[in-house]
Amino acid sequence: MIGDIRETKECQLKDPMDLFHSGQVVKICAPMVRYSKLAFRTLVRKYSCDLCYTPMIVAADFVRSAKARDSEFTTNKVGDHPLIVQFAAKEAQVLCDAARIVCPFADGIDLNCGCPQRWAISEGYGACLINKPELVKDMVRHVRSQIDNPKFSVSIKIRIHEDLKRTVDLCQKAEAAGVSWITVHGRSIEERHQPVHYDAIKIIKQSMSIPIVANGDIKTLKDAENVHHVTEADGIMVARGLLANPAMFAGYEETPFQCIQDWVDIALEHGTPFTCFHHHLMYMMERITSKQEKKVFNVLSSTSAVLDYLNDHYGV
């Protein structure tokens, strides 16, 4: 689960709230299924990313199964901080048990109240929780009362309601329960590719006294600056923009070759499975390769073939 960690005191934990008190907009790598794992977090941290989330983990499976813990959560002692572990949960005690397991190795947990996928909602996870403010409040309060470390953050990630008053009510209830910050994806459960309602994020920000993070359709550093300007959010969370360009937060318009080289080095060092290694490169090279090059590169089927291709074509 935790690489070679044996002694919890060796883990260099940080207080994520220090970032929000720094006066700078906090640059955050979103929780992404399959993608925001240790190797990729290591890469984006090299390029000005301040805070990283794990992929969403189902808390009940994580608590019940050592196998799930080993496969779902990997970190290291020094470089992977501050780190937020995102859980899908629907019962307060289960979330607390999961939080207690990761507490020695992570800097906070996040409750997923935003995943719109059918399987999640049918199981009572994700975005359906925005319609259960009392349950969200109860889960936040439970974790707050059962984790001794006052620096351990408890945050939530939400979508918005059609009626924004309901979203503000949810956020205020979570704040009263002791939530550290709230990430707002500016779309409703039904919306997928419609424009993000940044104006809604601004209204939520103005209604709260805790930090608010804006999320949705941020592809470049300029987008991030614009969204900060429009919403007044304290942090900006990016998903696909970082997949396409892990150096985005450092101001690069497209993935620099040094970043591709860094990914190769990090992925090999971490023993990243080939499919994940290759997929990340496909995303990173999307904007810098021709159609013809993509046709060849995207069907390569082994690490050695990918390494040969990068060496022959780009000197990586």
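1. Helices (H or I, at least four residues) and strands (E, at least two) are DSSP runs, numbered from the N terminus. The model is a predicted one, in which local features need pLDDT of at least 70, side-chain atom pairs count only at pLDDT 80 or more, and totals for chains, interfaces and linings use all residues. Residues are numbered from 1 along each chain as its sequence is written, and side-chain values use heavy atoms, with hydrogens and water left out.

2. Confidence comes next. pLDDT is the predictor's confidence in each residue, from 0 to 100. The protein chain has a mean pLDDT of 95, and 97% of its residues reach 70 or more. Residues 1–9 are below 50, and this stretch has 20 contacts in the model beyond near neighbours in sequence. Contact means heavy atoms within 4.5 Å. Where pLDDT is low, predicted coordinates should not be read in detail.

3. The chain is divided into domain 1 (16–250) and domain 2 (257–314). These bounds come from an automatic or database domain assignment. The two centres, taken over C-alpha atoms, are 29 Å apart. In contact are 15 residues of domain 1 and 13 residues of domain 2.

4. An unreviewed UniProt entry gives "domain: DUS-like FMN-binding" for residues 29–293. UniProt positions are in the numbering used here, feature names are shortened, and annotations may be inferred rather than shown by experiment. Over residues 29–293 the chain is 45% helix and 14% strand. The end C-alpha atoms of that stretch are 28 Å apart.

5. The unreviewed UniProt entry also lists Pro31, Met32, Val33, Gln86, His185, Ala239 and Arg240 under "binding site". The lining of the largest pocket takes in Pro31, Met32, Val33, Gln86, His185, Ala239 and Arg240 from this set. A pocket is an open set of points on a 1 Å grid over the protein atoms alone, where a 1.4 Å probe fits, with protein on both sides within 12 Å along at least five of seven lines; lining residues have an atom within 4 Å of a point.

6. Take two of these positions. Gln86 sits in strand β4 (residues 83–88). Gln86 counts as buried because its relative accessibility is 1%. Buried means under 20% relative accessible area, exposed over 50%, partly exposed in between (1.4 Å probe, protein chains only). Beyond four places in sequence, Gln86 touches residues including Pro31, Tyr53, Asp110 and Lys157. Ala239 is in the loop between β9 (235–238) and α11 (240–244). At 25% relative accessible area, Ala239 is partly exposed. Ala239 touches Ala30 and Met32, not counting residues up to four places away in sequence.

7. A nonpolar core is a set of buried Ala, Val, Leu, Ile, Met, Phe, Trp, Tyr and Cys residues joined through side-chain atoms within 4.5 Å. The largest has 90 residues; Phe87, Ile156, Ile182, Leu281 and Leu310 have the most contacts inside it. Domain 1 and domain 2 each supply at least three residues to this core. A second, separate core of eleven residues includes Met17, Ile28, Ala30 and Val213.

8. Back to helix α12. Cys259 is buried, at 0% relative accessibility. Leaving aside neighbours within four places in sequence, Cys259 is in contact with Leu43, Tyr47, Pro246 and Ala247. Ala267 also lies in α12 (residues 257–270), and is buried at 2% relative accessible area. Ala267 and Thr42 are 225 residues apart in sequence, yet 9.5 Å apart in space, C-alpha to C-alpha.
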